[in-house]
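Subject: Structure for you to look through

Dear colleague,

I am handing over the structure we talked about, and below it you will find my notes on what turned up. Please keep the display open while you read, so that you can find each residue as it is named.

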Amino acid sequence: PMVRKIAETLHQLRIPATLAVGPTPGAAFALTCMPRDETQKNTIGVRTLIPRSPDAVKAAPLAGLRIGEEMLQSLHHLGLETIGELMSMPRKSLPSRFGEALVMRLDQLTGQIPEPLVPLTWSTKLEERFDFDGSVSDTQALEQVFQQLLVKLLLQLERKGQGIRELIVRFEQAEVQND
């Protein structure tokens, strides 16, 4: 029910996504990398994958292991395309041929070693402000100030390595005092 609710919400917001449920975080991620079938190729929407078998992850592409591009190229050069093909290789040969990082990702995928989820940290909202001296009727002036404020916000976000979920723009007219 929770996955269905998330999928419905993302669909309503028109946010394309692939949701997957797996026995481990690594398996869920690998499932999200599964290619779309012919009926889904031109659809932009939400796709939900809840496998009936733990072996479903074996059909996932190697990119689902979250390994570097160089490692992916090496594996593709050997003719390996799926996680299942890699898993069918003798395990003892993997560390010497491909390194410990690949073996660690396989072990995380299968649950042989834990992969703790790291929560996203909450950060305070950013705010920029500009006060004009008096009233402004020139829309170009408003647009120019808005662009300057937006650039400031984007630079702050870039420094923090963050993005925008919601942007609220508020124009307020100062109260006029009659003396």
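A residue is called buried when its relative accessible area is under 20%, exposed when that value is over 50%, and partly exposed in between. Please bear in mind that this is a predicted model.

Leu62 is placed in the loop between β2 and α3, and it counts as buried because its relative accessibility is 0%. Apart from neighbours within four places in sequence, Leu62 is in contact with Ile67, Leu72, Leu75, Leu80, Glu81, Thr82, Ile83 and Leu86. Leu86, for its part, touches Leu62, Leu65, Leu75, Leu80, Leu94, Leu102 and Leu106, again without counting residues up to four places away in sequence. As a contrast in distance, the C-alpha atoms of Leu62 and Ser135 are separated by 60 Å, and these two residues are 73 residues apart along the chain.

Pro61 is also found in the loop between β2 and α3, and it counts as partly exposed because its relative accessibility is 23%. If residues up to four places away in sequence are left out, Pro61 touches Cys33, Met34, Pro35, Glu81, Thr82 and Ile83.

Arg66 is partly exposed, because its relative accessible area is 26%. Which side chain makes a polar contact with the side chain of Arg66? That partner is Glu115, at 2.6 Å. Glu115 lies in the loop between α6 and α7 and counts as buried, because its relative accessibility is 17%. Beyond residues up to four places away in sequence, Glu115 touches Pro25, Gly26, Arg66, Arg105 and Gln108.

Arg14 also has a positive phi, near 60 degrees, and is found in the loop between α1 (2–12) and β1 (17–20). With a relative accessible area of 75%, which is over 50%, Arg14 is therefore exposed.

Finally, there is a nonpolar patch on the surface, formed by Leu154, Ile164, Leu167, Val169 and Phe171, which together have about 470 Å² of accessible area. One of these residues, Leu154, sits in helix α7 (residues 139–160), and it is partly exposed because its relative accessible area is 41%.

Note on methods. Residues numbered from 1 in each chain as written. Predicted model: local features only at pLDDT ≥ 70, side-chain atom pairs only at ≥ 80, totals over all residues. Heavy atoms only, no water. Helix = DSSP H or I, 4+ residues; strand = E, 2+ residues; numbered from the N terminus. Buried < 20%, exposed > 50% of the residue type's maximum accessible area, 1.4 Å probe, protein only. Contact = heavy atoms within 4.5 Å. Patch = residues over 30% accessible without salt bridge, like charges linked within 9 Å, V, L, I, M, F, W, Y side chains within 5 Å. Areas by Shrake-Rupley, 256 points an atom, 1.4 Å probe, with all protein chains shown as cover. Salt bridge = Lys/Arg side-chain N within 4 Å of Asp/Glu carboxyl O. Polar contact = N/O pair within 3.5 Å; in protein donor to acceptor, adjacent residues only side chain to side chain.
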